[in-house]
Amino acid sequence: MRVYFETYGCALNRADTSIMKHVLISRGHEIVDNISEADAVVVNTCTVRLDSELRMIKRLKELRETLRGSGKKLIIAGCMAKAQPYTLRKFFPEASLVSPQNILRIGEAVESAEPVTFISGVRPTHVMHPYVEGASAEIPVAEGCLGDCSFCIVKVARRNLRSYPPEVVIRAVKEAVNAGAVEIDLTAQDTGAYGIDLGGKPSLPDLIAEIIEEVPGRYFIRVGMMNPDSLQGFIDEFIDVLKESRVFKYVHLPLQSGSDEVLRIMRRKYTYDEFKSLVIELRRKVPEISIATDIIVGHPGEGEEDFELTKKAVRELMFDKVHLAQYSVRPRTLAAAMPQVHEPVKKRRSSELTEVIEEVGTVINQAYVGAVGRGRGKQEVF
Amino acid sequence: MWGLWAGAVVSRRSFRGSLIGRLFNYKPIVLNEGGLELGSEVYVVVRGATFFDLRGEVLKAS
């Protein structure tokens, strides 16, 4: 059977698509780039925000019209299949649903004469294939996290922490490097939680050290998002790993808010001062590090003073990159039931914070221009 | 801060067709060079910057 894929959302979704493609190829199916050539269409969905959900439904409706009367199958995979199966069943009763935990069953879904619903279960972690695009590869080291954030629907879609064993990750890194990847992105919902379900303690630094030891070649590892409270437990070991020449001096540490009260409502497990301490320690030990963060504006409970604290935090901590999101209600989350911040207020705060982010980013990046003779000079930095 | 030269690894192509390199701290640097291949390592000079990324010129392949 010829199968066409559309993939939306995060690195984990892209990696899941890669695994599904491998499964299908191993069962004798063919992956095609054009929907007109396909016998089945797989849409790997994202529902992290309301606009993502609406975009998915719009696209799925378009595809349904395209496929109508053709006998071609529609298979909906990804986070939406797990977190909102009722919504999908209502709009698309003819489609098969395959949750992220069931990606190895994609062959059954494609081959079945009737729509199937593969929703429950836990992710098998013995099979992984990297998603390689250009010269970069995305490798999921784990699914799920140990947090319980009020706003997060991904927690519903990928509930349990399931780390891939080191040997599986190493095999995938080798596969990616052999395929020409020079940038190896280790991704997870919280890379800092990696290994807790395997050996009872976080073991990301050990994993990275093992990769460097076991996988020869010219490549550089980028460590994906990790929660601040996870990093607190092993910051010294992580800093040691960051000093390795094959590891990008980079960390993605989501702050979410500069207000302790909002952090409490969000069920984040740290205060602003604790977060700030991590940033100070990272910059003290790895001065060239670049730090990316995530911020949500307009979360329930965020007043004007709280928002001002977030603006202050961005200026104070001088993030290299900020992924800014305007809060939107997600079903089956705690924050959905809280009194909401009005839309115009969220929009204004988003605009105001965008200005601050651009101002800070410009200052930081301008310092890279023409910085002749101050530091490394002609020294090779790789 | 680092100096005139920086090493970058070219790992992606943007949707506009430019090549995107990464400095050692993962800072993105846009390289409008025709002859580079994905996966190559180059020395660059940072000629400009926006809040979002750096703009670089390739001095030589490393």
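This is a predicted model: local features need pLDDT of at least 70, side-chain atom pairs count only at pLDDT 80 or more; totals for chains, interfaces and linings use all residues.
Me: What share of chain B is called buried, and what makes a residue count?
Reply: A residue is buried under 20% relative accessible area. In chain B, 60% of the 62 residues are buried.

Me: What share of the contacts in chain B joins residues at least 24 apart?
Reply: The share is 36%, among contacts between residues at least 6 apart in sequence.

Me: Now chain A. How is chain A divided?
Reply: Domain 1 covers 2-118, domain 2 covers 122-245 and domain 3 covers 249-368.

Me: How do you know that domain 2 and domain 3 of chain A touch?
Reply: Contact needs heavy atoms within 4.5 Å. In chain A, 27 residues from domain 2 and 32 residues from domain 3 take part. The C-alpha centres of these two domains of chain A lie 23 Å apart. The area buried between them is about 2,500 Å², with 65% from carbon and sulfur atoms.

Me: Why is the pair R267(A) and D148(A) called a salt bridge?
Reply: The cut-off is 4 Å between a side-chain nitrogen of Lys or Arg and a carboxyl oxygen of Asp or Glu. The closest N and O atoms of R267(A) and D148(A) are 2.9 Å apart. That value is within the cut-off, so the pair qualifies. Between domain 2 and domain 3 of chain A the count is one salt bridge. The count of residue pairs in polar contact there is 11, both residues at pLDDT 80 or more.

Me: Which elements supply the side of domain 2 of chain A that touches domain 3 of chain A?
Reply: β12 (220-223), α10 (228-232) and α11 (235-242) of chain A each supply at least two residues. α11(A) gives the most, with five residues. The residues of this side of domain 2 of chain A divide into 15 nonpolar, six polar and six charged.

Me: Why is E210(A) called partly exposed?
Reply: Buried means under 20% and exposed means over 50%. The relative accessible area of E210(A) is 33%. That lies in between, so E210(A) is partly exposed.

Me: Where is E210(A), and what is in contact with E210(A)?
Reply: E210(A) sits in helix α9 (residues 204-214) of chain A. Leaving aside neighbours within four places in sequence, E210(A) is in contact with P166(A) and I170(A). Y4(A) is 206 residues from E210(A) in sequence and 36 Å away in space, C-alpha to C-alpha.

Note on methods
Residues are numbered from 1 along each chain as its sequence is written. Chains are lettered from A and ligands numbered from 1 in the order in which they are written. Side-chain values use heavy atoms; hydrogens and water are left out. Domain bounds come from an automatic or database domain assignment. Buried area is the accessible area (1.4 Å probe) that two parts lose on being put together, summed over both. A polar contact is a pair of N or O atoms within 3.5 Å; within protein, one must be able to donate a hydrogen and the other to accept it, and residues adjacent in sequence count only if both atoms are side-chain atoms. Helices (H or I, at least four residues) and strands (E, at least two) are DSSP runs, numbered from the N terminus. Ala, Val, Leu, Ile, Met, Phe, Trp, Tyr, Cys and Pro count as nonpolar, Asp, Glu, Lys and Arg as charged, and the others, Gly among them, as polar. Buried means under 20% relative accessible area, exposed over 50%, partly exposed in between (1.4 Å probe, protein chains only).
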